[in-house]
Amino acid sequence: IGGLEKIVARSPTWVTGQLTLSQLRWMSGEREGFTRNFDEALRQFPQAMDLWREQLIALTHAEQFDEALRVVAAGRKAVGYLRLFDIQEAVIHAEMGHTEIADQLFVPLLGLADTTV
């Protein structure tokens, strides 16, 4: 983990490295802040949409929903209202069981040909 931390510090936009580091932290038992490396990279490169997406996916898979919503808000503050954040917010609320909120958030997304961006 320490070695990978040094590498991603030198190459903060290396998505695979950032994701691997957060996964290693999770597997070693670190549940809180396991994606903090993404936060640091995104402070330096807020336009790196792949980093936003992968951090949100990692947090959602880990059921860290409040943290994922924090990242959505931080992303919007850093780069504005983008479809990526709208989609992830809707998914997070659906996963949390907030079906009424999720349904409202999904409505503007209906009919999108590509929901990966």
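A crossing is called right-handed if the near helix is turned clockwise from the far one by less than a right angle, and left-handed if anticlockwise. The model discussed here is predicted.

## Packing of α2 with α4

Helix α2 (residues 15-27) and helix α4 (residues 49-61) cross at roughly 20°, and their axes come within 10 Å. Angles under 35 degrees count as roughly parallel, and the two helices are therefore roughly parallel to each other. Their crossing is right-handed.

On the α2 side, the contact involves V15, Q18 and L19, which meet D50, L51, E54 and A58 of α4. Sorted by class, this contact has four nonpolar, one polar and two charged residues.

## Packing of α3 with α4

Helix α3 (residues 36-44) packs against α4 at an angle of about 160°, the axes being 10 Å apart. Since angles over 145 degrees count as roughly antiparallel, α3 is roughly antiparallel to α4. The crossing of this pair is left-handed.

From α3, the residues F38, D39, A41 and L42 make the contact, together with L51, W52, E54 and Q55 from α4. Five of the contact residues are nonpolar, one is polar and two are charged.

With a relative accessible area of 10%, T60 is buried, because buried means under 20%.

A polar atom of the T60 side chain lies 2.8 Å from the backbone oxygen of L56. Leaving aside residues up to four places away in sequence, T60 touches F65, A68, Q88, V91, I92 and E95.

Notes. Residues numbered from 1 in each chain as written. Predicted model: local features only at pLDDT ≥ 70, side-chain atom pairs only at ≥ 80, totals over all residues. Heavy atoms only, no water. Axes fitted to C-alpha atoms, helices over the stretch in contact; angles between N-to-C directions. Helix = DSSP H or I, 4+ residues; strand = E, 2+ residues; numbered from the N terminus. Parallel < 35°, antiparallel > 145°, perpendicular 65-115°, else oblique. Contact = heavy atoms within 4.5 Å. Nonpolar A, V, L, I, M, F, W, Y, C, P; charged D, E, K, R; others polar. Buried < 20%, exposed > 50% of the residue type's maximum accessible area, 1.4 Å probe, protein only. Polar contact = N/O pair within 3.5 Å; in protein donor to acceptor, adjacent residues only side chain to side chain.
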